[in-house]
Amino acid sequence: MEVKILGQKELNQAVKDAHFCTGCGACVNLCPYQAHYRDQIVMLHPCDLKEGGCYAFCPRTPTDLEALKKKLFDPEDLTPELGAVKGFYITRAADPKVRAKAQHGGTVTTLITLALQEGLIDTAILAEEGRNLLPRETTAQDADSAQKLSRSKFVVSPNVAEFNRIAKEGGKKIGIVATPCQALALAKMRMKPLKNYAERIDQLRLVIGIFCGWALSWKGLVEVLRKKIDLSEIEGMDIPPSKYHLLQLYTKKGTIDISLDEITSSVRGACWYCPDLTAEFSDLSVGSARLPEGWEVAKGWNQVIVRTSLGQRLLNLAKNRGLLEFREVPAENLPRLKTASLGKKRTAVKNLKLRSGDPKKLFYLDPDDPVLGAMAAGS
Ligand SMILES: Cc1cc2nc3c(=O)[nH]c(=O)nc-3n(C[C@H](O)[C@H](O)[C@H](O)COP(=O)(O)OP(=O)(O)OC[C@H]3O[C@@H](n4cnc5c(N)ncnc54)[C@H](O)[C@@H]3O)c2cc1C
Ligand code: SF4
Ligand code: SF4
């Protein structure tokens with residue numbers, strides 16, 4: 001696949017107008033011409049640059065994912081299903097106060113807090129719950145602030161826009177919590193395809209990826225939920241394993257279950273074309289655990305894929321300091337996660353193939369990619 005760098009006009013045609021935009025924020029805060037409004041990207045002014053960072057870093061412009069993986073990870077760790085895997089763990093925060101406020105086991109909050117305390121990073125980019133369930137990208141400089149920003153927001157938070165904003169200032173050591181599409185945008189920046197932005201990315205010191213099956217469009221979610229509840233009563237939400245087919249709302253009065261049939265139409269369109277479940281371009285990736293005791297126990301734990309030596313060092317430090325608890329990984333967990341990850345890749349490829357009508361035209365995915373291309377060539 002030919003990977004070219006083009007400009008804002010082509011980005012708009014190939015990504016935004018084609019409804020492939022994930023809302024990651026990578027094209028925002030590079031220049032004055034792109035912005036985000038709610039969970040959408042808007043073009044404020046046309047730009048005639050032939051080669052722009054917006055196009056170069058966008059996770060939905062053509063990318064040679066295989067080449068990127070080989071450059072950023074130890075080739076010996078690469079797996080076709082999950083990208084680089086140095087280690088696979090089940091963990092949770094040792095501190096019950098962190099767990100009580102976290103989405104699952106609080107592993108992300110524990111690791112980002114430790115990275116701040118150790119001086120590995122001085123700024124963490126996280127997502128804050130804004131008004132009416134609309135997340136806001138934000139930063140934390142200390143452990144207390146990072147802990148207040150735990151829990152998942154199921155509408156995209158343009159965290160990469162915040163990276164662009166603060167990296168412009170210079171002199172930072174930045175850590176970020178990123179969805180898979182955001183981690184890919186940052187990986188593309190790490191390749192330094194454009195001189196103007198090359199120094200900024202050196203400030204990125206840590207990427208903690210979160211697993212992501214799909215995100216919800218803010219408008220769609222709010223329309224559905226407003227019919228059921230006053231939004232200010234919602235304290236959090238989760239999507240239990242697929243067999244439950246539910247979105248669960250945590251409210252002051254208890255948990256409300258909503259069938260996914262009511263929610264599916266609110267899934268962000270771009271997510272149906274997304275091939276990455278586990279944030280393959282991160283130092284470590286964290287999702288919910290699966291345990292023999294069932295979801296009620298498992299939801300208090302995380303599954304962690306360590307992908308880089310830095311990720312491994314941070315996890316080991318958290319273990320040695322007694323900040324994370326570990327439990328034995330059931331033998332079936334890694335094969336199951338591989339199957340789930342391949343399932344998401346297959347859906348993305350199938351949907352892209354349906355859009356183009358040609359297995360050799362997969363828009364931003366490479367039809368010669370050994371995993372995705374083979375899926376496209378198959379059924
Ligand atoms: C849209 C979305 C879809 C997900 N889908 C799955 C899935 O299919 N399977 C699965 O196993 N896990 C999924 N997760 C991940 C899961 O919800 C937890 O984030 C993960 O298990 C880590 O749990 P934790 O207790 O360690 O997180 P916490 O310690 O509570 O920390 C969560 C961190 O994520 C940050 N954050 C919250 N929302 C966002 C966001 N939208 N974008 C970027 N950063 C954010 C917070 O600021 C916080 O730092 C999804 C998360 C999101 C946001
Ligand atoms: S960089 Fe991200 S936000 Fe911008 S067009 Fe691409 S996917 Fe959308
Ligand atoms: S499903 Fe993919 S495109 Fe959608 S938010 Fe998650 S990582 Fe981004």
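Visitor: Which residue just after helix 5 takes a positive phi?
Guide: First, this is a predicted model: local features need pLDDT of at least 70, side-chain atom pairs count only at pLDDT 80 or more, and totals for chains, interfaces and linings use all residues. Residues are numbered from 1 along each chain as its sequence is written, while chains are lettered from A and ligands numbered from 1 in the order in which they are written. Helices (H or I, at least four residues) and strands (E, at least two) are DSSP runs, numbered from the N terminus. Helix 5 spans residues 107-117, and the positive phi just after it, about 75°, belongs to Gly119.

Visitor: How many residues of helix 5 are buried?
Guide: A residue is buried if 20 or more other C-beta atoms, placed from the backbone, lie within 10 Å of its own, exposed if 12 or fewer, and partly exposed in between. Among the buried ones are Thr107, Ile112 and Leu116. Helix 5 is mostly covered, and the count is 10 of its 11 residues.

Visitor: Which element gives the most to the shell around ligand 1?
Guide: The shell has 32 residues, the closest being Thr109, Leu126, Ser150, Gly213 and Gly287; a residue is near if its C-beta atom, placed from the backbone, lies within 6 Å of the molecule. Helix 5, strand 6 and strand 13 each supply at least two residues. The top contributor, with 4 residues, is helix 5.

Visitor: How many residues of the shell around ligand 3 are nonpolar?
Guide: Ala, Val, Leu, Ile, Met, Phe, Trp, Tyr, Cys and Pro count as nonpolar, Asp, Glu, Lys and Arg as charged, and the others, Gly among them, as polar. Ligand 3 is surrounded by 13 residues, with Cys181, Cys212, Ala215, Cys271 and Cys274 closest. Of this shell, 2 are polar, 2 are charged, and the nonpolar count is 9.

Visitor: What are the edge strands of the open sheet of 8 strands?
Guide: Two strands pair if DSSP finds at least two bridges between them. The sheet has mixed pairing and the order 7-6-8-9-13-14-5-15. An edge strand pairs on one side only, and that describes strand 7 (136-140) and strand 15 (324-327).

Visitor: What angle does the direction of helix 12 make with that of strand 14?
Guide: Axes are lines fitted to C-alpha atoms, for helices over the stretch in contact, and angles run from 0 to 180 degrees between N-to-C directions. Two residues are in contact if their C-beta atoms, placed from the backbone, lie within 7 Å. Helix 12 (residues 309-320) packs on the sheet, touching strands that include strand 13 and strand 14. Its direction and that of strand 14 make about 135°.

Visitor: Why does Leu362 count as buried?
Guide: Leu362 sits in the loop between helix 13 (333-356) and helix 14 (372-377). Beyond its neighbours within four places in sequence, its contacts include Val349, Leu352 and Pro367. Leu362 counts as buried because the number of C-beta neighbours inside 10 Å is 26.
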